[in-house]
Amino acid sequence: MLKPAIAILSLSGALLAGCASTGGGTSSTAAVAPYREALTLSGRMSASYTRDGTPGSVTVKFDWRQTPQRTDITLYDPLGSTIATIAVTQNEAVLIQNGKEPRSADSIDALTAQTFGWPLPVSGLREWLQGHATAENGQRFTASAANSSVTTRDGWQLNFVSWQENSDPPKPKRIDLERAASGPVTDITIRIALDAAN
């Protein structure tokens with residue numbers, strides 16, 4: 001008589017375990033989705049820095065679109081007016097501001113540092129905005145709530161502070177970046193908040 005009862009209890013336990021493992025929400029240790037070459041998203045970015053000994057800061061909204069061949073970024077002021085557009089390919093970075101001649105350079109970091117006073121690490125952000133990076137030891141890094149910080153090969157300290165709600169697999173919501181760079185622009189801190197639909 002006990003065998004059927006034990007079988008029912010065992011089956012119930014298995015069903016409950018299955019429900020627990022496949023239920024809604026994401027595990028705190030779940031890693032982000034695989035890296036995508038093609039991506040469109042938007043958000044807000046604030047940067048603080050020291051340039052030639054003088055502190056500065058800027059806050060912008062942005063639209064981001066990347067393909068395997070290029071990255072296109074539009075920057076807006078807090079009221080929604082376009083500040084600049086940036087197009088980055090493997091060989092060139094071009095920045096266009098309203099009423100000014102286009103500016104170009106081999107490196108988007110150098111171009112944005114000259115123009116805005118702080119470098120925008122576009123090549124890294126292609127990965128970082130998705131929760132991926134190349135660590136300083138050359139190993140691939142994939143972020144999760146349990147493993148949320150890394151120093152990149154080019155010296156940026158990344159911290160994935162929070163995650164999109166109801167996103168499975170997880171997607172970053174806020175990313176903090178810091179770098180104690182040398183040269184005219186130093187002590188760079190960037191905060192990125194991503195909109196939910198990324």
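Which residues have the most contacts inside the largest nonpolar core? In this predicted model, they are Phe 62, Ile 86, Leu 177, Ile 190 and Ile 192, and the core has 43 residues. The protein chain holds three helices and 12 strands. Of its 198 residues, 39% count as buried.

**Chain totals**

- The accessible surface of the protein chain is about 11,000 Å², and carbon and sulfur atoms supply 53% of that area.
- Among contacts in the protein chain with a separation of 6 or more, 41% join residues 24 or more positions apart.

**The open sheet**

- Ten strands form an open sheet with antiparallel pairing, in the order S6-S5-S4-S3-S2-S1-S12-S11-S10-S9.
- Its edge strands are S6 (103-105) and S9, each of which pairs on one side only.
- On average, neighbouring strands of this sheet are turned by 20 degrees against each other, with direction ignored.
- In general, the strands of a sheet pair through backbone hydrogen bonds, in a parallel or an antiparallel way.

**Strand pairs within the sheet**

- Strand S1 (residues 39-51) pairs with strand S12 (residues 185-194) in the antiparallel sense, over eight bridges; here Ser 48 stands opposite Thr 189 in S12.
- Strand S10 (residues 157-163) is antiparallel to strand S9 (residues 149-151), and three bridges connect the two.
- Ser 149 stands opposite Asn 159 in S10.
- The hairpin of S9 and S10 has five residues between the strands, and Gly 155 takes a positive phi near 90 degrees there.
- S10 is also joined to strand S11 (residues 172-179), by six bridges and again in the antiparallel sense.
- Ser 162 stands opposite Arg 174 in S11.

**Phe 62 and its contacts**

- Phe 62 is one of the residues with the most contacts inside the largest nonpolar core.
- Leaving out residues up to four places away in sequence, Phe 62 touches Leu 41, Ser 42, Gly 43, Arg 44 and Met 45, among others.
- Its contacts also include Ile 73, Thr 74, Leu 75 and Tyr 76, as well as Ile 192 and Leu 194.
- Ile 192, listed among those contacts of Phe 62, is likewise one of the residues with the most contacts inside the core.

**Helix H2 and Thr 115**

- Helix H2 (residues 108-116) lies across S1, S3 (71-76), S4 (82-88), S5 (93-97), S6 and S12, and runs at about 25 degrees to S5.
- Thr 115 lies in helix H2.
- Thr 115 counts as buried because its relative accessible area is 19%, and the cut-off for buried is under 20%.
- The side chain of Thr 115 reaches the backbone oxygen of Leu 111 at 2.9 Å.
- Beyond residues up to four places away in sequence, Thr 115 touches Leu 95, Gln 97 and Arg 103.

**Ala 143 in a loop**

- Ala 143 lies in the loop between strand S8 (140-142) and S9.
- With a relative accessible area of 0%, Ala 143 is buried.
- Setting aside neighbours within four places in sequence, Ala 143 is in contact with Ala 30, Ala 31, Val 32, Gly 131, Phe 160 and Trp 163.
- Ala 143 and Leu 158 are 15 residues apart along the chain, and their C-alpha atoms are separated by 9.9 Å.

Definitions and conventions:
Residues numbered from 1 in each chain as written. Predicted model: local features only at pLDDT ≥ 70, side-chain atom pairs only at ≥ 80, totals over all residues. Heavy atoms only, no water. Helix = DSSP H or I, 4+ residues; strand = E, 2+ residues; numbered from the N terminus. Buried < 20%, exposed > 50% of the residue type's maximum accessible area, 1.4 Å probe, protein only. Contact = heavy atoms within 4.5 Å. Areas by Shrake-Rupley, 256 points an atom, 1.4 Å probe, with all protein chains shown as cover. Pairing = 2+ DSSP bridges. Core = buried A, V, L, I, M, F, W, Y, C linked by side-chain atoms within 4.5 Å. Axes fitted to C-alpha atoms, helices over the stretch in contact; angles between N-to-C directions. Polar contact = N/O pair within 3.5 Å; in protein donor to acceptor, adjacent residues only side chain to side chain.
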